[in-house]
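Try each task on your own before reading its solution.

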Amino acid sequence: MQILVYAQEARSYIEALREAAPEADVFGVSSLAEAEPFLEGTEVLFAWGMPPAIIARMPRLRWIQWLGAGVDLVVRELPPDVILTRVVGAFSTVMAEHVFAYLLALRRGVFAMRALQREHAWRRITGLSLRGRRLGVAGLGSIGAEVARLGRAFGMEIWGLSRTPRGEELCDRHFLPSQMGEFAAGVDCLVLVLPATQETQGIVDREVLRGMRDDAILINVGRGSAIVERDLVEALRDGRPAMAQLDVFEVEPLPPESPLWDLENCYISAHCSGPSEPRLVRTFAAANLQRYLSGQPLVGVVDPRLGY
Ligand code: NDP
């Protein structure tokens, strides 16, 4: 059996995969030119940052383990007889911590304190607490569930929104996508952890934003396509929501001319709320390979009709 790893850090996966599949031929590449000789014979593909169109040139391919949680780029190119799995669990802790790093910093006035320090200004800032505030989590999957759990630990009331009632046990109140407006209007902090699908495209638009509280914080760590960006620019200029922290954007890298860069109430990070080192992803991938070889059900199987 031939296994191909196509990723920038492909080498870091080889040892773990060889250990999981000692009989297999495991190759690591990080460019299309390097991948060419292996396309014909590959049965199992571990990939991240790969041009998805090359999947069509892999006639023996049976399974793709995407080395990330969001599969929007690859799911569109998936042949009908190929299984696609994504990484589950490895991102939850760091991404929930990213969300709370910003929620705490923004509510407690950390950025404002820093600005005063630069001016050598001794001025007291009265920070606000998260306790008793209402946290809205849109997307209650592996990452959203951890955001909700941390929210509870901070004494927040949890509202959640997902496509189906799955995850409603995590919330004090649960909403379906058709109730997005009511959901967003009722929360102090709205965190988006949604996959990019046709249904989530532009789910936060001008109408939803206009309904938000003028002291609300909006955080998006899912996918940029969930927010209509030009509507958000307008909304942030109007101060409703009060602040936004964006890790993901309609176009990435965020173009230098985007007005978002210069909005005082917009806090930008460069799609880096997820983990930066591949250890957890590697462990997940090797365990899934062992399941594949022993005929056990794979973890993280994507439903191509739903797109996540
Ligand atoms: P999951 O598949 O575990 O969860 C997805 C959640 O979204 C589920 O609760 C699902 O509902 C819900 N959902 C799907 N469609 C809709 C819809 N139309 N309306 C409302 N809710 C919907 O995903 P993860 O939690 O693992 O990851 C979420 C996303 O985070 C990924 O798809 C990826 O794009 C992004 N991500 C971003 C990273 C970054 O660095 N910024 C890193 C890792 C992931 P239901 O269960 O009812 O189907």
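**Exercise 1: A phenylalanine in a loop**

F154 sits in the loop that links α6 (142–153) to β7 (157–161). Keep in mind that this is a predicted model.

Task: Decide whether F154 is buried, partly exposed or exposed, and find which residues F154 contacts beyond its neighbours within four places in sequence.

Solution: 
- Step 1. The relative accessible area of F154 is 30%. Buried means under 20% and exposed means over 50%, so F154 is partly exposed.
- Step 2. With neighbours up to four places away set aside, F154 is in contact with F100, L104, L130 and R131.
- Step 3. Now compare positions along the chain: F154 and G132 are 22 residues apart, and their C-alpha atoms are separated by 8.5 Å.

**Exercise 2: A glutamine in a strand**

Task: Locate Q65 in the secondary structure, then work out whether Q65 is buried or exposed.

Solution: 
- Step 1. Q65 belongs to strand β4, which covers residues 63–66.
- Step 2. Its relative accessible area is 0%. The cut-off for buried is under 20%, so Q65 is buried.
- Step 3. Look at what surrounds Q65: among the residues it touches are L45, F46 and A47, then T85, R86 and V87, and also F284, A285 and N288.

**Exercise 3: Helix α9 and what follows**

Task: Which residues of helix α9 (residues 229–238) are buried, and what covers them?

Solution: 
- Step 1. The buried residues of α9 are E229, D231, L232, V233, A235 and L236.
- Step 2. An α-helix has 3.6 residues a turn, so residues three or four places apart point the same way.
- Step 3. The cover over the buried residues of α9 includes α8 (206–210), β10 (217–220), β11 (243–246) and β12 (266–268).
- Step 4. Move on past the helix: G239 follows α9 and has a positive phi, near 80°. A cis peptide bond then joins R240 and P241, with omega about 10°. P241 lies in the loop between α9 and β11.
- Step 5. There is also a cis peptide bond between E252 and P253, with omega about -5°, and P253 is in the loop between β11 and β12.

**Exercise 4: Around the ligand**

Task: Which residues come nearest to the ligand, and how much of the ligand does the protein bury?

Solution: 
- Step 1. There are 30 residues around the ligand, and L140, S142, T164, R166 and Y308 come nearest.
- Step 2. By type, the shell divides into 13 nonpolar, 11 polar and 6 charged residues.
- Step 3. Domain 1 (2–90 + 277–294) and domain 2 (92–268) each supply at least three residues of the shell.
- Step 4. A polar backbone atom of G274 is 3.3 Å from a ligand oxygen atom.
- Step 5. The ligand taken alone exposes 950 Å², and the protein buries 94% of that.

Methods:
Residues are numbered from 1 along each chain as its sequence is written. This is a predicted model: local features need pLDDT of at least 70, side-chain atom pairs count only at pLDDT 80 or more; totals for chains, interfaces and linings use all residues. Side-chain values use heavy atoms; hydrogens and water are left out. Helices (H or I, at least four residues) and strands (E, at least two) are DSSP runs, numbered from the N terminus. Buried means under 20% relative accessible area, exposed over 50%, partly exposed in between (1.4 Å probe, protein chains only). Contact means heavy atoms within 4.5 Å. A residue is near a molecule or strand if one of its heavy atoms lies within 4 Å of it. A polar contact is a pair of N or O atoms within 3.5 Å; within protein, one must be able to donate a hydrogen and the other to accept it, and residues adjacent in sequence count only if both atoms are side-chain atoms. Accessible areas come from the Shrake-Rupley method with a 1.4 Å probe; for residues, only the protein chains shown count as cover. Ala, Val, Leu, Ile, Met, Phe, Trp, Tyr, Cys and Pro count as nonpolar, Asp, Glu, Lys and Arg as charged, and the others, Gly among them, as polar. Domain bounds come from an automatic or database domain assignment.
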